[in-house]
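The following note sets out several points for a colleague who is examining this model. Please read it with the structure open.

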Amino acid sequence: MSVSRRGFFELLARGTGAIVAVGAAWKAGATRMFSEVLPARSIAPTDQKWVMVIDLAKCDGCRDCTKACSAMHFVPPMQEWIKVFEVSDNNVAGSYFLPRPCMQCDNPPCVRGCPVGATYKRSDGIVMQDDDRCIGCRNCIAQCPYSARSFNWGEPPHTEAELARPYSVDYNYPHRKGTVEKCIFCPEHLREGKLPACASTCKMGAIYFGDEVEDAVTNGKGETVQFSKIAKRGAAFRLMEELGTNPRVYFLPPSSRKYPSPEEKHATAAASAPMTMEHSK
Amino acid sequence: MNPREQNLLRSVTVTTWRFYAWVGFLCTVLAFGAGAYIYQMRAGLIVTGMRDQVSWGLYITDFVFFIGISHAGTLISAILRVTDTGWRRPITRLAEAITVFALCIGGPMVIIDMGRPDRMLNLFRFGRIQSPIVWDVIGVSTYLTGCILYFYLPLIPDLAILASNSQVSGWRRKLYAKLSLGWTGTEQQKHILERAISIMAIFIIPLAVSVHTVVSWIFAMTLRPGWDSSIFGPYFVIGAIYSGAAGVILSMYVLRRIYHLEDYIEPIHFRNLGLLLLSFALMYLYFNVNEYLTAGYKLAGGERVLLERLFTGDFAPIFWTAQFLTVIAPLLLMIAVLGIPRYRSYVIPGVVFSSGMVVIGAWLKRYIIVVPTLRSPYLPSGQRLPWEWSHYRPTWVEWTITAAAFAAFMLIYTLLSKVFPVISFWETREGEPVPVEVAEVRTPGWWRPGAVVAPLILLFVLLHATPLKAATPPAPKKPAVTTLAVEWKPATENQVRDADAEEAEGPGRVYLYSGNLFNFLSGGAADREADLTVAPIAIKAKLLDAAGNPISFQPVEFSIKTLLGTLSYGTRPTLGTGEVSIVLRDRRRGIYPLHVEYKGDDTHAASQSVINVNFGERPKPALPKIAVLITPYATPQIELPFVAFYGTMWVAFLYTFGYLVLVKMRRAGVAPALHPEPAPLGGTMTVTQPPRAPSGTAT
């Protein structure tokens, strides 16, 4: 073998160059020819920018949203895609109910961290979850500051209705062992022009949902309001704004409540189990 | 061979019943671990103590621990080689071995932790360079390759020595001869091999630093209290070298006891490595103070909860045990045996005992890094869930697999210490330290073909210039005209001012947390104000009766049909001219049907009208500009540094092994052997090349 050092490096460079060039040409050609193949996932079927506004002053903690969501998506036990927390900001302030869906962040940490693109941002603002691709590394769970993601630790219990349909990212079932799941704003309902399950079920009309580009949000009672107006007039806030995640879920402060506060509710329904934040203990 | 080499040779040739018993014991533990893993594969990770809140546990602890242990081996051996330290010779081999074996155990721990190990190839099919997990895959695999080469290269002369030794059985001599790649021990070969080892040693140091930094970034790239720390990279690197150095000392002690290598591994080695360990301990102390003081001084929200748990809460026993074992106790003990003359005779037990404490403490410390932070999220999801769903207690499955990981590590070490001598023959033979030429790697004209840089640039341009497919805007509907005539136009300044003074923005508003971000990672400035601009639209309706006369002081309702409902703008009275006007200052884009309705009264019939109002073009479907690193395509700002750094490593490996060793060293192996005792080569040295004049080579 008559290989000199220069010859070796030239061979190496040529080989690398050839591999890179062929790879680049292949990828470029593929993305040009099948322009919808790669980015199609990221392009929503419609051009809305979904946004949710939760009026905390109207939430009475009945958890109908959680139940409706779980029923619709056959959410496995111990998971709650929209979870109603009872929180207090400090030791003096009274508590309030805080429904927490997935925040569908505009700067989603889970999407950044996913090694395989199983969770991805869609152009309509939804952070989708593809359980055909998820490898179960749970980096997204570590990344999410809202604890909005859950993992199928074991084989989830199945029902006939759940298994009747093939898996789709639009509704995220049948559930699979070893994959991560979360709230996805019910894309299946949105496509039909219906509200997500939680918003349409909320009897208090606390959950408004709509298109930010349309500047209108609608709640389960059929009330449609101007999004920018209630966000402005109500001084809407987003959860953990300081983390820079830019959620698409806005909250109206829990002031002037017209229903019993969580404490009063507990006092009347002494039978219900006490619910307290772990931190406040 | 002199007596001490005969003794060393016995470690390879002679096996005792103790060896078989030990291997049998390790295999038993390993079998239990395999059983536990099969059980876990069947039932899912539900059999572990991990749940949604604490979603990483012992497996990730083991992963970080073994990657950490792997560091010192190579790093110490590489640093000692580069600095040409004479006493390194007997211990480099066993340090390098630890590195390779620990990596072989540490890497698979992540696979064991995965929910869907069957989909592991997705990492290569869909891998996203933006994810720290992929950084780890790249880093650890590069590092493992480098470490195997770095372990193998210094082994080559020893393999030739063993292949020519009559005490070694026949098939093993054949294997050794194959593996020794035509080593005959000529001066030129020696020179080339030392050069290759030097190049590897130089490249392995930044590689080792990068790998543990990247491991720490899995944690530091999150928004979690306790992980969201800028010193995590160096903190992990120091912690890794520290635990690895302790691992080297422990294995030195064990091998010395078992194989009676007192002639090779002398107290000077324990003393010198002890000094190294002591200095790492001091650095580790410094990093610990830095890490916990900066958080503990401020006690900001989430950090306070975490630190309370660590210092006084449920994790306090483990936390303080780890601190005692990694910092306080080894520091005091080593200062005593290394610094105080009357205790100097205890240097070996003192340093070894310290190392044992450091290794155990390092494992506990990894646990303290992983679990308490996950236990203290911003939004604890434990409400209305059973205790074990918010707390973490490892189950027997996790303990068994962890035990099996340690058993596998020791098993590989045990078996390979029987196959390869744990101490280098040829390096220790060079009694006097020979200055190793630190090779200066020159790459003459490697860029000349131009075939690397240009396609790389082309690749990135092509990959990132692919536009998102534009969706077509909804087709406008035909307006229906009735007696209610409606028209719209962009509002004038006056109308805007009159419309709603309350909505006007104050000049000096402060946005908490959200400023204009020049986002170099996602490419382009995300302008917050631009998204909020409002183009007011004036709507004018005229209510006329059948004769065309205006109807005044009648309520007319305006509303817009939206996708999910009807947005009402309320009712306005018509003026004397029958006209009614309204200014819409919505942040709306697109074309929407505006309904104007007159409900009618006793004298007038109801009427309504619909007009399509164009509020401006809907934005093209796009991912949010403000987002960082979420594009479905590779981000060049991340990709290029990775390709450059790890690509350099791979080029160095290819050059060192592919060219220097496989080509050049074999070619140089035709001169007569230089072994002190000329031994028959067993007729297996077939891989020799005819001598060639080095023409055109730059050596």
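Predicted model: local features only at pLDDT ≥ 70, side-chain atom pairs only at ≥ 80, totals over all residues.

1. Chain A falls into two assigned domains: domain 1 covers residues 5-37, and domain 2 covers residues 42-268. Between the C-alpha centres of domain 1 of chain A and domain 2 of chain A there are 43 Å.

2. The interface of the two chains involves 94 residues of chain A, in contact with 92 residues of chain B. On the chain A side, helix H1 (residues 5-33) supplies the largest share, 17 residues. Classified by residue type, the side of chain A that touches chain B contains 40 nonpolar, 31 polar and 23 charged residues.

3. As to its overall make-up, chain B has 21 helices and nine strands. Chain B has 699 residues, of which 43% count as buried. When contacts in chain B between residues at least 6 apart in sequence are considered, 79% of them join residues at least 24 apart.

4. The buried residues of H12(B) are Gly302(B), Glu303(B), Val305(B), Leu306(B), Leu307(B) and Leu310(B). The cover over these buried residues includes three helices of chain B, namely H11 (267-298), H13 (316-339) and H14 (347-375).

5. A further point concerns the packing of two helices. In general, a packed pair of helices is described by the angle between their axes and the distance between the axes. Helix H10 (residues 232-259) of chain B and H14(B) have axes that come within 8 Å and cross at roughly 135°. H10(B) is therefore oblique to H14(B). The crossing of H10(B) past H14(B) is left-handed.

6. Which residues make the contact between H10(B) and H14(B)? From H10(B) they are Gly239(B), Tyr242(B), Ser243(B), Ala246(B), Gly247(B), Ile249(B), Leu250(B) and Tyr253(B). From H14(B) they are Val351(B), Val352(B), Ser355(B), Gly356(B), Val358(B), Val359(B), Ala362(B) and Lys365(B). By class, the contact of H10(B) with H14(B) comprises 10 nonpolar, five polar and one charged residues.

Conventions:
Residues numbered from 1 in each chain as written. Chains lettered and ligands numbered in written order. Contact = placed C-beta atoms within 7 Å. Helix = DSSP H or I, 4+ residues; strand = E, 2+ residues; numbered from the N terminus. Nonpolar A, V, L, I, M, F, W, Y, C, P; charged D, E, K, R; others polar. Domains from an automatic or database assignment. Buried ≥ 20, exposed ≤ 12 C-beta atoms within 10 Å, placed from the backbone. Axes fitted to C-alpha atoms, helices over the stretch in contact; angles between N-to-C directions. Parallel < 35°, antiparallel > 145°, perpendicular 65-115°, else oblique. Left-handed = near helix turned anticlockwise from the far one by under 90°.
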